[in-house]
Structures are given as structure tokens and as C-alpha cells.
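Biologist: Could you take me through some of the helices here and how they pack?

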Amino acid sequence: MGNAEDERTLHEQRLGPIVRRRDQVQPGTTDQHLLDTQPTTNWVHEDPFRVLRIQSEFVEGFGALAELGRAISVFGSARTPRDAPEYQAGVRIGRALAEAGFAVITGGGPGAMEAANKGACEAGGVSVGLGIELPFEQGLNPYVDIGVNFRYFFVRKTMFVKYAQGFVVLPGGLGTLDELFEALTLVQTKKVTRFPIVLFGSDYWQGLVDWLRGTLVAEGKASTADLELFHITDDVEEAVALMTKEIGI
């Protein structure tokens with residue numbers, strides 16, 4: 001029995017909060033691995049180093065936006081042409097939100113995002129762009145006053161919600177839908193409260209709403225009350241009024 005106990009003790013290695021036993025014991029110590037010359041740079045692509053990058057993105061984002069004040073996140077397609085009615089609606093929404101005292105936060109890219117930033121910028125409001133690293137280069141549009149670029153979608157999404165008091169969602173694609181359903185889930189589960197969500201463009205969004213009602217709710221996958229988590233409008237003034245009313249301004 002004594003020998004078995006000694007064997008277990010001999011093959012146990014404690015590396016900070018990590019315990020390794022038997023054939024999982026690694027040679028050397030944490031300090032040794034840190035100070036030894038690295039034969040390759042593979043370590044910059046490994047998970048422990050990624051954690052530091054993720055942490056730095058949160059710190060930079062919090063630092064840049066902490067004093068932003070009241071803000072609304074506006075989403076929409078990066079593919080919206082500048083001569084499209086949706087682009088002009090985005091400009092009007094950005095302008096109206098700025099005139100109502102809100103900073104405007106977008107993904108910082110072209111299309112509907114640029115439109116909302118442009119409206120806010122031209123109205124003298126604070127125009128924020130939260131960019132993301134993508135395989136194809138987008139860059140921040142020229143109407144962004146405060147820009148933060150992120151590597152990780154989940155860090156960026158946290159900033160959209162943490163520093164905004166509501167969402168206005170213009171017609172968009174998969175990224176827009178991702179942000180929309182993330183927000184709906186957070187409101188439904190009460191992770192955020194007093195968070196109005198406005199879908200702008202009834203022709204574009206009505207099919208989605210019909211599917212939610214006719215499939216999700218009809219089959220018991222969602223409740224009728226969930227359809228009250230958002231509003232649909234084609235009127236800029238109504239969209240801004242819904243923001244200020246639900247936030248309690």
C-alpha cells in the first residue's frame with residue numbers, strides 16, 4: 001500500500017491551478033518554459049496566448065466606450081448600395097438618433113452601417129464603429145469618430161449590447177440576423193432589461209415575423225409574448241420614439 005501511495009505522489013505535478021498525473025506530467029516548470037528561448041513561434045497561435053488577446057480586446061473595448069453615454073446600436077447589411085432607399089433610411093435614422101441625444105454604434109463597415117454613422121456624424125453626434133477582422137478587408141467607414149477593431153466576434157457582440165440601450169435593425173444578412181437573435185435571446189431570458197428592439201422596413205422583415213408566428217409559436221417553440229420583444233416600423237420618428245419611450249427618457 002505504501003509503495004502505491006508513493007507512486008501516486010511521485011507522478012503528480014502541480015503547475016499553478018493545473019494538476020497533472022502519471023503520463024500527463026510534463027518536463028520542466030512554467031517559469032522555465034517562459035524564460036527558455038522558443039525554437040518556434042507556434043505559441044502565439046495556441047489557446048493560452050489567445051486568452052490574453054481576448055482579455056486585451058475586452059479591456060480596450062471597455063476603455064474606449066466606458067464614457068460613451070446613451071447609445072443605440074444600428075445594424076444592417078454591408079452590401080446596401082449608397083443609392084438604395086435603405087441607405088437613405090439609415091442616414092435619417094443615424095441623424096435622428098443623434099439629434100435625440102444618442103451616440104450611434106454600428107459595425108463600422110460600409111452599406112447600412114456607413115449610412116447610420118454618416119447620419120450621426122453629420123448631425124454632430126458621436127459616431128462609433130466596432131469593426132471585425134474578416135477574410136475580406138472592409139475597414140472602418142469615414143464617418144466613424146471612435147473606432148475599435150476586434151479579432152473575436154463574441155467580444156465585439158458584448159460591446160454592442162453592453163454600451164447600447166437599444167437596437168435598430170435595418171435590412172441585412174446573416175450577421176444582422178445573428179445580432180438580432182442574440183439581442184432577442186438576451187431580452188427573453190432577462191439578461192438585459194429595458195432594451196427596445198426595432199426592425200426597420202416592414203416589407204423586408206414581415207416574412208420573418210410570419211415564420212416566427214406561424215412556425216415557432218404555433219409549434220410551441222416560442223410563446224406569443226416573445227413576439228412583443230420587438231417592433232416593426234417604416235417611420236424614422238416612430239423608431240426613435242420607441243427607443244426613448246422604452247428606455248424611459
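Modeller: Let me begin with a term: a residue is buried when its relative accessible area is under 20%, exposed when over 50% and partly exposed in between, with a 1.4 Å probe and protein chains only. This is a predicted model, in which local features need pLDDT of at least 70, side-chain atom pairs count only at pLDDT 80 or more, and totals for chains, interfaces and linings use all residues. Residues are numbered from 1 along each chain as its sequence is written, and side-chain values use heavy atoms, with hydrogens and water left out.

Biologist: Which residues of α4 are buried, and what covers them?

Modeller: Helices (H or I, at least four residues) and strands (E, at least two) are DSSP runs, numbered from the N terminus. In α4 the buried residues are Y87, A89, G90, V91, I93, G94, A96, L97 and A98. Their cover, counted as contact when heavy atoms lie within 4.5 Å, includes β3, β4 (103-106), α5 (112-122), β7, β8 and α9.

Biologist: Which residue just after α4 takes a positive phi?

Modeller: The phi in question is about 95°, and the residue that takes this positive value just after α4 is G101.

Biologist: How do α6 and α7 pack, and at what angle?

Modeller: Axes are lines fitted to C-alpha atoms, for helices over the stretch in contact, and angles run from 0 to 180 degrees between N-to-C directions. K157, F160 and V161 in α6 meet D178, E179, E182 and L186 in α7, and these contact residues divide into 3 nonpolar, no polar and 4 charged. The axes of α6 (residues 153-162) and α7 (residues 174-188) are 11 Å apart, and the helices pack at an angle of about 60°.

Definitions and conventions: Ala, Val, Leu, Ile, Met, Phe, Trp, Tyr, Cys and Pro count as nonpolar, Asp, Glu, Lys and Arg as charged, and the others, Gly among them, as polar.
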